[in-house]
Amino acid sequence: MTTEAVSSGTRAQIPAPVQKDYYYWLRSFTAGGVAGCCAKSTIAPLDRVKILLQAQNPHYKHLGVFATLKAVPKKEGFLGLYKGNGAMMIRIFPYGAIQFMAFDHYKKFLSTQLGISGHIHRLMAGSMAGMTAVICTYPLDVIRARLAFQVTGEHRYTGIRNAFQTIYLKEGGISGFYHGLTPTIIGMAPYAGFSFFTFGTLKTLGLTHFPELLGKPSLDNPDVLVLKTHVNLMCGGVAGAIAQTISYPLDVARRRMQLAASQKPSSMCTPSMVSRKDCIVACPSTMSAVYRHKPLPSPLMSS
């Protein structure tokens with residue numbers, strides 16, 4: 001009886017700010033997840049085409065982006081454009097949750113333990129949170145790539161569950177789900193850095209030289225100018241395109257390494273690589289093999 005009273009009193013004394021923070025986190029997580037699912041589903045056809053061309057699928061490697069977009073529905077049906085999208089939908093929610101929680105944790109750690117503040121503080125916390133989320137959800141990215149690379153009539157995996165079982169049993173257990181992680185982690189640093197730098201530069205130039213045309217008063221502080229919504233979107237798009245272009249070679253290496261174990265070694269590796277395992281783990285060798293086999297495709301056309 002006493003225990004129940006104490007428990008009830010404890011529950012009743014939960015501070016309002018804690019409840020508010022919890023509901024804010026839940027709303028942000030749900031809204032972000034739903035928005036992410038919608039966005040990823042919208043670009044899923046282009047994403048599958050990118051995977052097919054990055055890893056040089058034998059059925060489509062001789063085609064360009066738009067030709068592949070036309071060829072896939074003819075060969076595999078309209079839903080063929082969405083192969084692997086299910087694994088991506090599953091990945092979005094845990095990725096967002098981990099990134100959201102890790103960002104707050106790293107932000108507090110950097111400010112309290114290391115005394116870092118300002119823009120570098122948010123950049124470092126964001127990069128570390130992104131890396132943490134990528135590492136935790138990377139197996140689903142590998143599954144998604146394997147499923148998207150399959151062509152109707154030549155399926156090696158029947159679905160997400162079967163892909164998990166097959167990779168775990170035939171590719172060395174847990175380590176089989178982390179092929180290509182090295183170029184992924186290496187690529188995140190230049191991507192985040194150039195993205196932030198380019199966006200900040202464009203924002204500064206726009207508000208300095210064209211304040212009336214591109215800027216508007218901030219809602220929080222009318223004395224401070226911020227970019228108009230459509231201008232902010234354009235700057236973000238340009239920054240993302242430049243950052244993606246710079247880090248794209250590492251993205252190609254990541255896909256080749258993710259898919260190497262399910263393909264013939266000669267299609268993704270140099271002849272000097274003795275075993276399939278060598279092909280998978282050697283990031284520099286993979287990039288060298290890609291360059292010698294065929295110049296890298298344009299990232300802006302295939303991303």
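Me: What makes the reach of helix 8 close to the value expected at 1.5 Å a residue?
Reply: In this predicted model, helix 8 has 29 residues and spans 42 Å from its first C-alpha to its last. The expected span is 1.5 Å times one less than the number of residues, and for helix 8 that expectation is 42 Å. The reach of helix 8 is therefore close to the expected value.

Me: Which residues of helix 8 are buried?
Reply: The buried residues of helix 8 include Leu181, Pro183, Thr184, Gly187 and Met188. Ala192, Ser195, Thr198, Gly206 and Leu207 are also among them.

Me: Why is Phe194 called partly exposed?
Reply: Phe194 is found in helix 8, which covers residues 181-209. Its relative accessible area is 36%. Buried means under 20% and exposed means over 50%, with partly exposed in between. The value of 36% lies between these limits, so Phe194 is partly exposed.

Me: How many aromatic pairs does the structure hold, and why is that of Tyr138 and Tyr178 called stacked?
Reply: There are three aromatic pairs. The rings of Tyr138 and Tyr178 are 5.8 Å apart, centre to centre, with 15° between the planes. Rings pair if their centres lie within 6.5 Å, and planes under 30 degrees apart count as stacked. Tyr138 lies in helix 6 (residues 119-149) and Tyr178 in the loop between helix 7 (160-170) and helix 8, so the pair ties together parts that are 40 residues apart in sequence.

Me: Are Tyr138 and Tyr178 buried or partly exposed?
Reply: Tyr138 has a relative accessible area of 0% and is buried, whereas Tyr178, at 27%, is partly exposed.

Me: What makes the pair of Phe164 and Phe177 tilted?
Reply: The ring centres of Phe164 and Phe177 are 5.2 Å apart, and the planes make an angle of 40°. Planes under 30 degrees apart are stacked, those over 60 are edge-to-face, and the rest are tilted. An angle of 40° falls into that remaining group, so the pair is tilted. Phe164 lies in helix 7 and Phe177 in the loop between helix 7 and helix 8, so the pair ties together parts that are 13 residues apart in sequence. Phe164 is partly exposed at 29% relative accessibility, while Phe177 is buried at 5%.

Me: Where is Gln56 placed, and why is it called buried?
Reply: Gln56 is in the loop between helix 3 (44-54) and helix 4 (65-76). Its relative accessible area is 13%, which is under 20%, so Gln56 is buried. Phi of Gln56 is near 55°, a positive value in a residue other than glycine. Most residues other than glycine have a negative phi.

Conventions:
Residues numbered from 1 in each chain as written. Predicted model: local features only at pLDDT ≥ 70, side-chain atom pairs only at ≥ 80, totals over all residues. Heavy atoms only, no water. Helix = DSSP H or I, 4+ residues; strand = E, 2+ residues; numbered from the N terminus. Buried < 20%, exposed > 50% of the residue type's maximum accessible area, 1.4 Å probe, protein only. Phe/Tyr/Trp six-rings, centres within 6.5 Å; stacked < 30°, edge-to-face > 60°.
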